[in-house]
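Please walk me through this structure, one part at a time. Keep it brief and point to the residues to look at.

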Amino acid sequence: VENVRLLDRLSSRKAALGTLYLTATHVIFVENVSETRKETWVLHSQISSIEKQATTATGCPLLIRCKNFQVIQLVIPQERDCHDIYISLIRLARPVKYEELYCFSFNPKSDKEEREQGWKLVDLNEEYNRMGIPNNYWHISDVNRDYGVCDSYPTEVYVPKTATAHIIVGSSKFRSRRRFPALSYYCKDNNASICRSSQPLSGFSARCLEDEQMLQAIRKANPGSDFIYVVDTRPKLNAMANRAAGKGYENEDNYSNIKFQFIGIENIHVMRNSLQKMLEVCELKSPSMSDFLWGLENSGWLKHIKAIMDAGIFIAKAVAEEGVSVLVHCSDGWDRTAQVCSVASLLLDPYYRTMKGFMVLIEKDWVSFGHKFNHRYGNLDGDPKEISPVIDQFIECVWQLMEQFPCAFEFNERFLIHIQHHIYSCQFGNFLCNSQKERRELKIQERTYSLWAHLWKNRADYLNPLYRSDHSQTQGTLHPQMAPCNFLYKFWSGMYNRFEKGLHPRQSVTDYLMAVKEETQQLEEELEVLGERLANLQKSQSNDNKVKSKQQDRSKQLGLSTSNNNLANTPQEYCNDLKSFPSRSPSQGDEEDSALILTQDNLKSSDPDLSANSDQESGVEDLSCRSPSGGGCLPSEDSGKDSDEAVFLAV
Amino acid sequence: MEFAELIKTPRADNVVLHRPFYLAVEGTLCLTGHHLIFSSRRQDNAEELWLLHSNIDSIEKRFVGSLGTIIIKCKDLRIIQLDIPGMEECLNIASSIEALSTLDSVTLMYPFFYRPMFEIVEDGWRSFLPDQEFELLSSVTDEWRLSCINKEFSVCPSYPPVVIVPKSIDDEALRKVAMFRHGSRFPVLSYYHKKNGMVMMRSSQPLTGTNGRRCKEDEKLINATLRPGKRGYIIDTRSLNVAQQARAKGGGFEQEAHYPQWRRIHKCIERFNILQESLIKLVEACNDQSHNMDRWLSKLEASNWLTHIKEILTAACLAAQCIDREGASVLVHGTEGTDSTLQVTSLAQIILDPRCRTICGFESLVVREWLQAGHPFQQRCAQSAYSNSKQKWEAPVFLLFLDCVWQILRQFPCSFEFNEQFLIMLFEHAYASQFGTFLGNNENERSKLKLPQKTMSLWSWVNRSEELSKFQNPLFEANSLVIWPSVAPQSLQLWEGVFLRWNRPSKFLDEAHEEMINIIKYNKELQAKVNALRRQLAEMETDDRMQENL
């Protein structure tokens, strides 16, 4: 469709004229401006909602909201075209079969071997070995070999050695969806562990001997402690309501030596609505500070993030400081339980704060234990009530921790954002389906590629320049501050306003430091080469022109200027304020109003480079072809700055 | 007056000091004329705490049996608690601190007694003189002149002795304009934008009153800043309503009929007690130890602090936009032209002028646009967030300005030569200092107090390399461009460095900062090494070639 206008959300004046293409996998918008021909790519699987708005004189507006928080506003000249696009997108955005998903057609041009290697990058058996398991207390059980006991669990489950198959099966019958207690994390130093399960089917009075034996086995696997914590991550009221349905929570009297604890994290429906409310705040057009803060509070989002963090902190403290094992569950044990176990692991073990370790963590606590990716993130058309930003919240918890401990994580914010993007993109097979069983049946590993291999290949982009493996912050357990006044849980504009570049800091400290580090590395190499040459020269006193010219080439590549001056030199919409000001003081005379209109016209004509602000990078293109130092590394034309090249040439 | 009269108990032993995130320490408390000194004599961890009495904002006392407790709340927002055994000692100490921290006379303040322990390289009182500023200006334009009309502070008591005005306007006309402006603050040059020759002027409100008085000289003066056929903008920092109400009190705004070449834009920046209340509420929220996220957000919202930040920044961006993008001259004023006006003019300069983003340039900006421009520091900064005095003229105007600078710094972390610590340091010294820089309300008062002769300038201390190194931003790369900050709520944050400074452990953030410095230092070292080697190689190679040629 031609002559489509892409509107900039921040300002209705900035619209780009272009052509809209629909392909089997993407919506593509190409600008008409000939030099740039800027493209906006949106994967169908990223589309969360499409809204057709009332036709206006200029055309038919179409609003596309994406799961990665991009909002695209299009105006299509013909109503019929708009309707066709609308209908097609609705169908394309909600595939009914896994085979329709992008990952089955995505081919990054790597061979079969490479693909297999990619899938081997994260190996959970290796991970349990790293934790020190199997050992005297824990071993791998094959009780779930053919998914015979629990179809949402992996085939390989780690349980206490003393828990026989009989106990496990018995316990599984007493747990929702037969999700029996299994090991999530083991602390080598003090034998304390984190186990996870679903809620017991206790109703008002039911009990199960095997389940009680199972919990006892977990306690005995930690000889240093005479009790275990059982943490129910639900609000007490919810758990009590479940009793009426024959489910519920552990009765302390029936289990020997457990300490039972509720931690009130709300359910998926509350979280879905909370995110919805927060996104509405993000979408407000020129909100006041009060609108924003009030809306943020009203959404409750940060309160929920804090609840998840507090639960993780509680468990990490129990394991690290008290040396007590913890059993965590919620209702089914695949949402809140996954969040809380992974936050606790992240706090406890520095390994999970490395890039590789973080992949392992997601694979362990989310993918293998049957977090329902397909239902939660709506990959296939399904029940909208199943959709909830469960892993998004975990990813945000990690970001909040990164803000508090800037040196503790090997990866940077971009790493988190790209993982979030691909959980929804369905470009890689990792997060397909609802369980390991379904993935095996679909032969995901043979038919799709692994995200981890892709991220690992580009790991230079995702490094936190402040991370040093020998730094004190990287060691041991992290102890985050709890009170809002000690540590602020902040609104993450890098995620939720990800595509509104104008709102973000215009210069990135991370990118700057990454470029500096990259240059440092090149300098180190050059120093070595120069040292050798000097030695050779001194030895032979013969000159080597070839090497010299090579050196000069290299120094030319070293231009270092990360501050993105193009962006920096773009004013924001302060003129919006000019526009809105008459409405604020309606008592003004006509004369002033016309003055204001003049102002706007003037701004329009004198502001050609405002459009530079709308460079919304999007979609796969942005993610897959980012150079290590980012686009910002190119010395900007009008920066008038000496690049290092100049420095070098002057020498 | 002898300070000794006020100090009934100069010393108390076995006092216990409590601070957040530190273990309680036992030690000795001493009171001197200007300081509260606490020293612990623990072998392993001897430490001393020196607190200026002038830094103390409020003091509370409590008793449990004979053990007295004093809670001291400082203007830099720190709160400490001292447990003092003995009711009498405690009462004596509390009343002494109260008396010493609220001395009436400026000449009794510490700057008049402070003797520097460092060598003065450059006298800060002479670092930023108007003549130097004018010299810079006259190298690019000859349309302005330095007027000594206010030499004896006879025309405008809150202006410096010399001001920069359009060349075509003589002193006689200036005198008439002064009669027409509130507090005689006639329009003067604030900033000259070299890129396009546009200017920013500042003044106070015109005294039009209800019957629309006009002053031909005033019109002529501000029209003299316009290019032929060009328009200018008047940015009034009050809402239209407030401006209209001001007419009843003899004030007002420029009427369109008399200033046809100017377009007036009203921006609403709050003043005085509204700002002070906002600060008090914000600090209260920041000190709330509850673990409840919702309460925190609603308290933050209710304080309105970030709303003020957004308003001020928006007005400053607008002024900058008019100058840089519209190519128009701008006049900024509110009522007196000593508060919101200065916030707008100084922030606009930070956006427009790369020089103001250097350490020296920023100091010069503070001197020009705040000290010499007559921001009444002594009145505004007499008390901070914990005071109960509620005087009408107390207001965190300067702190809001620094906060806005921090917001821009956060958005452009590589464009400023100074770091956050520099801004925090200025905040501290504006409220309590051993230096005379921020004493007095204007140049007139400062000259009467003979501050340059009797006290030390803050700049003399800051501008030594030992101190400067603490305030330098390792990420700084000179950026010659105009920088446009975002004023969207998502882009504005609470300035934790000031407001959560004493409530959060800073270890991890400090470590991150250190790591940053190390990364950059190592890079610079390598660069130097590589360059040295290159030079050496090049020399050897030319030697070789010469030998070959021979």
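What follows goes from a sheet in chain A to its helices, then to the domains of chain B and some backbone details.

The model is predicted. Start with chain A and an open sheet of five strands. The strand order is β10-β11-β14-β12-β13, and the pairing is mixed. Strands of a sheet pair through backbone hydrogen bonds, either parallel or antiparallel. In chain A, β10 (182–186) and β13 (258–262) stand at the edges. Each has a single partner strand, so one side of each is left without a neighbour in the sheet. Neighbouring strands of this sheet are turned by 25° against each other on average, direction ignored.

Now look inside the sheet. Strand β12 (residues 228–232) of chain A runs parallel to β14 (residues 325–329) of chain A, and five bridges join the two. A:D232 in this region stands opposite A:H329 in β14(A). Helix α9 (residues 301–322) of chain A lies across β11 (193–197), β12, β13 and β14. This helix runs at about 175° to β12(A).

Next comes a helix pair in chain A. Helix α4 (residues 165–173) packs against helix α5 (residues 209–220) at an angle of about 115°. Their axes are 7 Å apart, and the crossing is left-handed. From α4(A), the residues in contact are A:H166, A:I167, A:I168, A:G170 and A:S171. They meet A:E210, A:D211, A:Q213 and A:M214 in α5(A). By class, this contact has three nonpolar, four polar and two charged residues.

Turn to chain B. Its domain assignment gives domain 1 (4–103) and domain 2 (130–503). The C-alpha centres of these two domains of chain B lie 37 Å apart. How many residues of domain 1 of chain B are in contact with domain 2 of chain B? There are 14, and they touch 19 residues of domain 2. Between them the two domains of chain B bury about 1,400 Å², 61% of it on carbon and sulfur atoms. B:D57, B:K75 and B:L77 supply 48% of the area that domain 1 buries against domain 2, more than any other three residues.

Finally, check the backbone. Most residues other than glycine have a negative phi, and most peptide bonds are trans. The bond from A:I133 to A:P134 is cis, with omega near 5°. A:P134 is found in the loop between α3 (124–131) and β8 (138–141) of chain A. A:R177 is not a glycine, yet its phi is positive, about 50°. A:R177 is found in the loop between α4 and β10 of chain A. B:N304 also has a positive phi, near 65°. B:N304 is placed in the loop between α8 (293–303) and α9 (305–324) of chain B.

Conventions. Residues are numbered from 1 along each chain as its sequence is written. Chains are lettered from A and ligands numbered from 1 in the order in which they are written. This is a predicted model: local features need pLDDT of at least 70, side-chain atom pairs count only at pLDDT 80 or more; totals for chains, interfaces and linings use all residues. Side-chain values use heavy atoms; hydrogens and water are left out. Two strands pair if DSSP finds at least two bridges between them. Helices (H or I, at least four residues) and strands (E, at least two) are DSSP runs, numbered from the N terminus. Axes are lines fitted to C-alpha atoms, for helices over the stretch in contact, and angles run from 0 to 180 degrees between N-to-C directions. Contact means heavy atoms within 4.5 Å. A crossing is left-handed if the near helix is turned anticlockwise from the far one by less than a right angle, and right-handed if clockwise. Ala, Val, Leu, Ile, Met, Phe, Trp, Tyr, Cys and Pro count as nonpolar, Asp, Glu, Lys and Arg as charged, and the others, Gly among them, as polar. Domain bounds come from an automatic or database domain assignment. Buried area is the accessible area (1.4 Å probe) that two parts lose on being put together, summed over both.
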